[in-house]
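Visitor: I have a structure open and would like to talk it through. Can we go step by step?

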Amino acid sequence: MVTLTADKRLLHADLAGETIRAATGSMVAYTGNVEFKNAGMGGGGGFKAALKQKVSGESIKLMECSGSGRVTFAQDAMDVTVIDLTGDTLAVESEHILAVSGGLTLDVKFSGLQGMTSGQGLATTTVTGQGQVAIVSDGPLIALAVQQGVPVVVDPDAFVASFGQMSMNLVSGVSWKSLVGEGSGEPFSLRFEGAGTVLVQPAER
Amino acid sequence: MAFEQVNSKVVRAQVSPATAVLARRGAMLGYDGQVTFRPVAGQGGGVGGFVGAALSGESNPMMATEGTGSVLYGFRGLHVTVIELNGSGSLTCEADRLLAHDANLQTGVEFIGQGGIRAAVRGAMTGQGLFTTKVSGAGAVALLSHGGTYAIPVDGGGVAVDPQAYVGHVGNIQVDLAAKVGWRDAVGRGSGEAFQLKMSGQGTVYIQASEQKF
């Protein structure tokens, strides 16, 4: 079993013969005997995954790291958080994925086409299975709890990840004021209903 | 004399007639007391050092801070790490990561890695340069990094570092640039880790949590 440990802005992965997938080029140091190779189309998901990612704009470039030793990853001095998955699904923005351990599968989930217009996409990458996923955020992650009857609305540009039984909707606040440049600067927001947790970063992309 | 860490991005240096400080030109944020700033050329070491610096691209405009007072240094919001040298070992880093150091420390351009001109060309290709600045003597050095530095102990061999994330190293370490460029890299399907700096020996290597250069 691979162990991913977050150390502020670094991620350490202790490998003992396993393979993990990480964002291409994110290795900053390693000890031991580790091989790096491109995970292939769609981050190792094959042609269908690549096509889905292309359509949704949720492209992700991953490399496979295998061998034994300790690999350290980092990306743009962003904070690293490790999330343990036990069979549940994490929805995450593809550009925030730093590394996923072996037993996890990546997929793209569509939830409406209107997300395309915001440039952020309502299509999010989902990570499913048993294992660990490391995500990066510009600043420490903030967890917002969503309960039945208490929806949470977040800025699409600050949204990083979510998990739980929730529905995600894009709320548009576009009016004539936005068109003439007098808007509040928040024309779109993401609304979560159900029960679960939403993770946002203290910065907008 | 040492640098006092004000916060993660600013250091304060106490300057006196006996202890001048060399700093990156323009990195002064504020000072009190009677302090003057005088530009100094190159890395020192006379004409040879100047030519070496020009050849290697490891030139960093520095200024000498002299007088009596305390001076604040910082640069572009980058994180600052203070490394104390006790005189037994030297620090090797890239010239543009030097924020400030005690004036009694010696700096010189050093070519790391083996392989002569081929290694130099490879260094130029990675944009990292195998030419580095060597800081030796007893005193303190303030280094710049994007996102802070992390120390990795090198004991024996087997530590490899991304050239873009490499900040510097202290101790008795041999550095070798290893290139594993295959056809996959040529067609843009590489792992992004074609070049690595292999460290062996005894000491500490400092890396930053980012591959951004400045």
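**Working through the two chains**

Guide: Buried residues make up 40% of the 205 residues in chain A. A residue is buried if 20 or more other C-beta atoms lie within 10 Å of its own, exposed if 12 or fewer, and partly exposed in between, with C-beta atoms placed from the backbone. This is a predicted model, in which local features need pLDDT of at least 70 and side-chain atom pairs count only at pLDDT 80 or more, while totals for chains, interfaces and linings use all residues. Residues are numbered from 1 along each chain as its sequence is written, and chains are lettered from A and ligands numbered from 1 in the order in which they are written.

Visitor: What share of chain B is buried?

Guide: For chain B the buried share is 41% of 214 residues.

Visitor: How many helices and strands are in chain A?

Guide: Chain A has 3 helices and 12 strands, and chain B has 3 helices and 14 strands. Helices (H or I, at least four residues) and strands (E, at least two) are DSSP runs, numbered from the N terminus.

Visitor: Which strand of chain B does strand 1 pair with?

Guide: Strand 1 (residues 3–7) of chain B pairs with strand 2 (residues 10–15) of chain B, antiparallel, over 4 bridges. Two strands pair if DSSP finds at least two bridges between them. These two strands of chain B form a hairpin with 2 residues between them, and B:Gln5 has B:Val11 as its bridge partner.

Visitor: Now the contact between the chains. How many residues does it take from each?

Guide: Chain B gives 23 residues and chain A gives 17 residues. Two residues are in contact if their C-beta atoms, placed from the backbone, lie within 7 Å.

Visitor: Which strand supplies the largest share of the side of chain B that touches chain A?

Guide: Strand 12 of chain B does, with 6 residues. That side of chain B has 8 nonpolar, 10 polar and 5 charged residues. Here Ala, Val, Leu, Ile, Met, Phe, Trp, Tyr, Cys and Pro count as nonpolar, Asp, Glu, Lys and Arg as charged, and the others, Gly among them, as polar.

Visitor: And which strand of chain A is joined to strand 12 of chain B?

Guide: Strand 3 (residues 27–38) of chain A, through 3 bridges, and the two run antiparallel. A:Tyr30 has B:Ala160 as its bridge partner.

Visitor: Which residues have the most contacts inside the largest nonpolar core?

Guide: They are A:Leu98, B:Leu99, B:Val161 and B:Ile207, in a core of 95 residues. A nonpolar core is a set of buried Ala, Val, Leu, Ile, Met, Phe, Trp, Tyr and Cys residues joined through C-beta atoms within 7 Å. Beyond its neighbours within four places in sequence, B:Val161 contacts residues including A:Val28, A:Ala29 and B:Ile207.

Visitor: Different topic. Where does A:Met78 lie?

Guide: In the loop between strand 4 (62–73) and strand 5 (79–92) of chain A.

Visitor: Why is A:Met78 classed as buried?

Guide: Because A:Met78 has 20 other C-beta atoms within 10 Å. Not counting residues up to four places away in sequence, A:Met78 touches A:Arg9, A:Val136, A:Ser137 and A:Asp138.

Visitor: Last one: what is the mean pLDDT of chain B?

Guide: The mean is 80, and 74% of the residues of chain B reach 70 or more. pLDDT is the predictor's confidence in each residue, from 0 to 100. Over residues 43–48 of chain B the pLDDT is below 50. The model scores ipTM 0.76 and pTM 0.81.
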